Amino acid sequence: MKQLQKVDPEVFVAVCGERKRQEEHLELIASENFASEAVLEAAGSVLTNKYAEGYPGHRYYGGCEFVDEVEQLARDRALQLFKAEHANVQPHSGTQANLAVYGAVLRPGDKILTMSLVEGGHLTHGHSKNASGMLYAVTHYGTDPASGFIDYAALEQLAQRERPRLVTVGASAHPRTIDFERVAHIAHRNGALVLADIAHIAGLVATGLHPSPVPYCDFVTSTTHKTLRGPRGGIILCKKEFAKAVDGSVFPGNQGGPLMHIIAAKAVCFHEALQPSFRTYQELVLRNAHALANSLRRNGFHLVSGGTDNHLVLIDLRKNLPEMDGLRAQRLLESAHISTNRNTVPGETRSSFATSGLRLGTPALSSRAMGEKEMERIGDWIGEILTAPIPEGNISAVRDGVLALCRRFPLPYPCYEI
Ligand SMILES: *Cc1c(COP(=O)(O)O)cnc(C)c1O
């Protein structure tokens with residue numbers, strides 16, 4: 001960072017501020033993580049200078065011999081990690097990956113059947129303000145209000161009635177195991193293709209701790225920066241028969257030149273995820289999510305679906321704190337250096353800005369090597385703030401505890417000195 005400090009002190013100081021924020025906050029945002037230094041080095045490498053439109057062996061630019069090696073490594077490792085037939089590692093993000101799959105098999109006006117954002121899905125699953133909702137005719141399935149689990153029977157009825165071209169399954173805020181095999185059978189029985197979006201749970205899928213959709217689904221998309229702990233980016237896995245359509249939809253359909261430095265960092269991420277230590281890490285993520293869920297329940301919180309099978313929990317604040325919305329809860333915790341995000345819950349009664357829920361995940365803190373004891377303490381701290389008659393009164397005491405805990409579990413990065 002020496003050059004950055006010299007050339008652009010303003011950006012340097014902001015980066016230092018962010019470095020310190022990450023060190024001194026408890027990161028419970030379920031979609032965030034801490035990439036390794038090896039990943040950061042690849043992402044910050046000279047590969048950022050290279051144009052490489054096309055694919056390995058078929059580029060529209062000269063000088064691609066080394067970036068070809070990098071992209072081939074990334075593809076081969078993705079195939080090995082997820083046991084897939086074809087991989088495209090170029091999508092700039094999870095959003096780009098989903099839009100590229102849609103572009104590969106749908107025409108504007110085609111029907112898609114998806115889970116809505118409010119129920120735990122994602123913007124790219126047909127939200128009216130996203131291209132997916134503008135281009136395609138969307139029907140939403142959701143969760144069973146009693147159990148909080150995906151309502152597969154209702155999904156099947158909708159598939160029979162609507163006969164969509166594509167069914168998407170996968171979530172940003174769903175705490176339970178998803179039965180991809182069942183959804184794929186429902187889709188295929190009703191003449192639809194199926195896309196599984198494992199953006200959140202990719203690390204669990206890669207290590208066999210969540211059932212993989214790869215054997216059953218025509219397309220699987222993911223981000224590489226959530227539980228997978230790599231650089232920000234996306235990937236698409238698909239059956240051989242769709243390889244050409246997917247590749248053409250990514251480039252030239254939806255993107256120009258690939259980000260070769262990020263593809264190098266994805267290759268490093270896949271390499272790390274293939275090591276036995278990565279499974280140990282994902283096991284800790286799961287144990288920690290359980291411990292956090294138990295602690296929150298002991299503190300009187302109601303969890304959507306009653307608990308968790310994966311890396312996240314979703315608190316429905318309406319049950320024990322009817323006056324507290326997600327926005328206020330998020331802000332109160334933030335002032336105690338506990339980072340979470342407000343989230344809609346199934347059957348949401350507030351706006352998507354205020355919300356009635358709070359989403360918490362354990363991937364980032366598990367990367368700092370925190371364990372179940374720490375999760376129990378964090379659940380108590382969340383209770384001490386949110387359930388107090390005057391929440392503001394407890395913030396400073398909790399913040400002191402948080403800072404002490406952060407010091408005991410330092411981030412795995414060198415410090416930048418201002
Ligand atoms: C995060 C997420 C995405 C999109 O990822 P971006 O990289 O932010 O575009 C897509 N689908 C799901 C289910 C996600 O959780």
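## Ligand site

In this predicted model, a polar atom in the side chain of Asp197 is placed 2.6 Å from a nitrogen atom of the ligand. Lys226 also takes part, with a polar side-chain atom 2.8 Å from an oxygen atom of the ligand, and the side chain of Ser93 has an N or O atom that lies 3.4 Å from a ligand oxygen atom. The ligand taken alone would expose 380 Å², of which the protein buries 86%.

The shell around the ligand consists of 13 residues, the closest being Gly94, Thr95, Ser172, Asp197 and Lys226. By class, this shell holds nine polar, two charged and two nonpolar residues. Helix α5, which covers residues 94-105, is the element that gives the most to the shell, and its share is three residues.

## Packing of α4 against α11

Helix α4 (residues 65-82) and helix α11 (residues 260-273) have axes that come within 8 Å of each other and cross at roughly 35°. The crossing of these two helices, α4 and α11, is left-handed.

On the α4 side, the contact is made by Val67, Val70, Glu71, Leu73, Ala74, Arg77, Ala78 and Leu81, while α11 contributes Met260, Ile263, Ala264, Ala267, Val268, Phe270, His271 and Ala273. Sorted by class, the contact of α4 with α11 comprises 13 nonpolar residues, one polar residue and two charged residues.

## Two helices that meet α15

Helix α15 (residues 372-386) packs with helix α12 (residues 276-298) at an angle of about 30°, and the two axes are 8 Å apart. The crossing of α12 and α15 is right-handed. From α12, the residues Arg287, Asn288, Ala291, Leu292, Ser295, Leu296 and Arg298 meet Glu372, Met375, Glu376, Ile378, Gly379, Asp380 and Ile382 of α15. This contact of α12 with α15 is made up of six nonpolar, three polar and five charged residues.

Helix α15 also packs with α13, where the axes come within 10 Å and cross at roughly 115°, again in a right-handed sense. Here Ala329, Leu332 and Leu333 of α13 meet Ile382, Ile385 and Leu386 of α15, and the residues of this contact divide into six nonpolar, no polar and no charged. Ile382 is listed both in the contact of α15 with α12 and in the contact of α15 with α13.

## Backbone geometry

The peptide bond that joins Phe251 and Pro252 is cis, with omega about 10°. Pro252 has its place in helix α10, which covers residues 243-254.

Positive phi values in residues other than glycine can be noted at Arg163, where phi is near 45°, and at His337, where phi is about 65°. Arg163 is found in the loop between α7 (152-162) and β7 (166-169), whereas His337 is found in the loop between α13 (326-335) and β13 (338-339).

Key: Residues are numbered from 1 along each chain as its sequence is written. This is a predicted model: local features need pLDDT of at least 70, side-chain atom pairs count only at pLDDT 80 or more; totals for chains, interfaces and linings use all residues. Side-chain values use heavy atoms; hydrogens and water are left out. A residue is near a molecule or strand if one of its heavy atoms lies within 4 Å of it. A polar contact is a pair of N or O atoms within 3.5 Å; within protein, one must be able to donate a hydrogen and the other to accept it, and residues adjacent in sequence count only if both atoms are side-chain atoms. Accessible areas come from the Shrake-Rupley method with a 1.4 Å probe; for residues, only the protein chains shown count as cover. Helices (H or I, at least four residues) and strands (E, at least two) are DSSP runs, numbered from the N terminus. Ala, Val, Leu, Ile, Met, Phe, Trp, Tyr, Cys and Pro count as nonpolar, Asp, Glu, Lys and Arg as charged, and the others, Gly among them, as polar. Axes are lines fitted to C-alpha atoms, for helices over the stretch in contact, and angles run from 0 to 180 degrees between N-to-C directions. A crossing is left-handed if the near helix is turned anticlockwise from the far one by less than a right angle, and right-handed if clockwise. Contact means heavy atoms within 4.5 Å.
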